Amino acid sequence: MILVSQVETWLFMDQTRADAADAPTILVEKDASGAKSFTAMRTLFQLKKWTGQRRFVPLLSCDETAYRAYEVFHVDAVPPFAILDSGRVLLKDNEVDAAYAVALDDAAPKTYGERLAFVADYVERALGETVVLAIDEPVASHPQVPEDVFVPENVMQTSERLFAWANRQQTERDEVK
């Protein structure tokens, strides 16, 4: 199972929320203006685990330049792929995947949902595992985490629930094999 997560709303929080959190947090995004995004330490450990197994792919709305500010994805938890610009760009091992760009251009998806379905299919083929989406909008072609995993306005609970659910699912899949 490959977990594709919309990290900006499911895993990361701004400094105000991080300062108010009742659990330790760590800086994950810093640009020229300073600290921007934080995550719980427990979430970072899970990101390291899942990216180390090549089973986590971040989905971000930003472009490649802004992605470079996410230190976590270049130092601690380097993903096999990163989906940027809402599916318009795909990085493979943190470099632009030119084959994806050509395939996307040929397919010419018209909507955001079609683009996400296309990139999910592409990642599935590349990694040989089913993609499960942790995103704000449903994409009918791919399974999603249960709706009750996402806790609006509470990234700490959402990230904890997400990885607890994903770990259970992965354990069940491993036991079936």
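Which residue forms a salt bridge with Glu 160, and how far apart are the closest N and O atoms? The partner is Arg 42, and the closest N and O atoms lie 3.8 Å apart.

The model is predicted, so local features need pLDDT of at least 70 and side-chain atom pairs count only at pLDDT 80 or more, while totals for chains, interfaces and linings use all residues. Residues are numbered from 1 along each chain as its sequence is written, and side-chain values use heavy atoms, with hydrogens and water left out.

**View 1. Salt bridge between Glu 160 and Arg 42.** A salt bridge here is a side-chain nitrogen of Lys or Arg within 4 Å of a carboxyl oxygen of Asp or Glu; the whole structure has seven. Glu 160 lies in helix α7 (residues 155–176) and Arg 42 in helix α3 (residues 41–52), so the pair, 118 residues apart, links distant parts of the chain. Helices are DSSP runs (H or I, at least four residues), numbered from the N terminus. Glu 160 is partly exposed at 45% relative accessible area, whereas Arg 42 is exposed at 58%. Exposed means over 50% relative accessible area, buried under 20%, and partly exposed in between (1.4 Å probe, protein chains only).

**View 2. Salt bridge between Glu 64 and Arg 68.** The N to O distance is 2.7 Å. Glu 64 has a relative accessible area of 28% and is partly exposed; Arg 68, at 33%, is also partly exposed.

**View 3. Salt bridge between Asp 85 and Arg 88.** The closest N and O atoms of this pair are 3.5 Å apart. Asp 85 is partly exposed, with 25% relative accessibility, and Arg 88 is partly exposed at 44%.

Definitions and conventions
Helices (H or I, at least four residues) and strands (E, at least two) are DSSP runs, numbered from the N terminus.
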